[in-house]
Amino acid sequence: MAANRLLINLPLILAVFLQAALWYSSRHIKPDLAILPEVPGKYEVKALALGDDEFYFRALGNRLQMSGDTFGRSTPFKDYDYVKLAEWFRVLDSLDGKSNYIPSLAAYYFSLTQRHSDTIYVINYLQETAAKDPERKWWWLVQASIIAKYKLGDKNLALKIAKKLENIPGDIPLWARQLPAFYLADMGEKEQAIIIIRDLLKNYKNLPPDELNFMYYFVKDRLKMIIPEELQNAHREER
Amino acid sequence: MLTTTRYILLTAIRDRLFIALFAAIFLSFGISVFMGGTAVSEQNQMIISYTAGSSRLIMVIGFIVFVCFHVRRAFDNREIELILSRPISRHAFIFSYWLGFAALTALIVLPVAMVIGFLARLQISGTLYFAASLLCESFIIVAFALFISLILKSAVGAVLACFGFYFLSRMMGFFLVLIENSHYAAVSLNGLLDKLLYALSIFAPRLDQFAQSKWLVYGPEGAHLHFFLLQTLAYIPFLLLLTIADFRNKQF
């Protein structure tokens with residue numbers, strides 16, 4: 001009886017020791033919880049979407065939004081790899097180029113990084129996504145220029161992006177087209193700002209009174225320049 | 001024929017299929033609302049996509065499991081022999097069985113589509129396209145599940161085969177792109193695989209064109225109603241005839 005018990009207990013003790021030894025050697029092997037998951041290829045996401053790109057786009061988009069803050073972690077944006085992040089943006093755009101979810105994630109969320117130099121990746125992505133459909137996505141050019149000016153601190157880049165807004169076809173608000181004038185005024189380039197205002201007056205007839213008023217007081221009070229004749233006439237007619 | 005159809009519906013109630021599927025879909029809806037609510041923007045679109053995509057998957061998995069295990073159990077319990085002892089031909093038996101499963105899918109798909117339609121009420125035509133194509137997709141899936149479960153002796157094997165068929169059909173568009181972009185020589189192994197996959201694509205339905213949640217978000221732009229109706233009308237008779245051809249040779 002005792003021999004039988006020993007026959008069972010001895011292998012059991014050995015198995016426990018073997019398991020403990022295995023634990024000892026493997027206790028440092030942990031899953032690699034990278035902040036951002038590896039970027040899948042465009043073909044890969046198309047295959048895994050199983051024909052429903054929109055569902056997979058939303059699922060991956062949400063995953064990207066939550067990345068870094070999963071498994072009980074809280075990761076500051078400065079620790080993110082923004083090169084990888086920008087690749088993620090582009091891959092997700094290939095699944096749904098119409099949605100504003102990824103641009104808003106980039107502009108309102110990931111642009112808040114403590115390392116301001118990383119915002120260049122967000123700015124580049126926003127410019128790319130806006131270029132695909134400028135009439136519908138001009139807003140992201142505005143955001144890109146604002147991030148360039150206030151986060152990255154590159155006024156020339158902000159101006160360069162804002163200038164793209166001047167020639168976008170379609171019905172975009174006048175203030176967006178005037179954005180370069182605001183930046184130029186801020187940079188002390190008042191004559192250049194006036195040229196933009198004059199161009200707008202030349203290209204857009206029947207401007208609403210509020211827009212004309214704004215232009216008038218922008219030149220008069222902000223630029224402190226002589227009001228161009230065409231602006232004076234238009235402003236007088238409206239009054 | 002109607003008796004068999006009624007019998008299928010009764011077994012679905014007996015197996016608590018309706019309760020199980022509606023509970024799972026309700027749970028997925030809750031998770032979709034929660035997950036969608038956490039999005040930085042486009043929360044409604046997120047909820048709609050999650051609900052539509054997850055409901056479709058739950059329903060397809062539910063239908064496959066139910067059909068495969070139902071048929072296998074009917075064989076094991078000799079219910080099929082009992083039905084066939086009545087004055088019913090084998091092809092009528094197959095058709096009425098499929099009709100029963102199709103009615104069952106309609107009873108589940110339509111209420112779910114209505115809920116999704118309520119969420120995506122701004123896209124009425126998109127919702128109608130989604131509901132119609134989801135129904136067609138379910139009809140094809142139950143027809144394939146019936147076909148494979150009558151051939152294979154194992155219910156688990158039938159379920160796995162159905163999943164393989166479903167995922168393959170959902171990826172067929174992608175495979176065709178890969179074949180088109182292939183730069184391998186025709187004699188190489190990859191070239192042979194391309195040809196094999198190309199041949200397979202002739203017999204696989206293009207389910208990747210069905211039930212896309214983007215229609216619920218942006219409208220049915222790029223959707224072809226006639227395509228998925230024609231695909232359903234072409235594929236279901238093909239599967240049912242294959243099933244009948246196999247079933248007629250079965251010895252009891």
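1. Helix 6 and helix 10 of chain B meet through B:Y129, B:S133, B:C136, B:F139, B:I140, B:A143, B:F144, B:L146, B:F147, B:L150 and B:I151 on the helix 6 side, and on the helix 10 side through residues including B:L225, B:F228, B:Y235 and B:D246. Contact here is counted when two C-beta atoms, placed from the backbone, lie within 7 Å. The residues of this contact divide into 19 nonpolar, 3 polar and 1 charged. Nonpolar covers Ala, Val, Leu, Ile, Met, Phe, Trp, Tyr, Cys and Pro; charged covers Asp, Glu, Lys and Arg; the others, Gly among them, are polar.

2. The model is predicted; local features need pLDDT of at least 70, side-chain atom pairs count only at pLDDT 80 or more, and totals for chains, interfaces and linings use all residues. Residues are numbered from 1 along each chain as its sequence is written, and chains are lettered from A in the order in which they are written.

3. The axes of helix 6 (residues 124-151) and helix 10 (residues 225-248) of chain B come within 9 Å and cross at roughly 15 degrees. The two helices are therefore roughly parallel (angles under 35 degrees; over 145 is roughly antiparallel, 65 to 115 roughly perpendicular, the rest oblique).

4. Helix 3 (residues 43-76) and helix 5 (residues 90-119) of chain B have axes that come within 11 Å and cross at roughly 170 degrees, which makes helix 3 of chain B roughly antiparallel to helix 5 of chain B. Among the residues in this contact are B:I47, B:M59 and B:F63 of helix 3 and B:F101, B:V109 and B:L119 of helix 5. By class, the contact has 12 nonpolar, 3 polar and no charged residues.

5. Between the chains, the contact takes 19 residues from chain A and 23 residues from chain B. Helix 3 of chain A gives the most to the chain A side, with 6 residues. That side has 7 nonpolar, 6 polar and 6 charged residues.

6. A:K164 is found in helix 8 (residues 155-166) of chain A. With 18 C-beta neighbours inside 10 Å, A:K164 counts as partly exposed (20 or more is buried, 12 or fewer exposed, in between partly exposed). A:K164 and A:R177 are 13 residues apart in sequence and 8.6 Å apart in space, C-alpha to C-alpha.

7. On confidence, the model scores ipTM 0.87 and pTM 0.85. Chain B has a mean pLDDT (the predictor's confidence in each residue, from 0 to 100) of 90, and 97% of its residues reach 70 or more.

Technical notes. Helices (H or I, at least four residues) and strands (E, at least two) are DSSP runs, numbered from the N terminus. Axes are lines fitted to C-alpha atoms, for helices over the stretch in contact, and angles run from 0 to 180 degrees between N-to-C directions.
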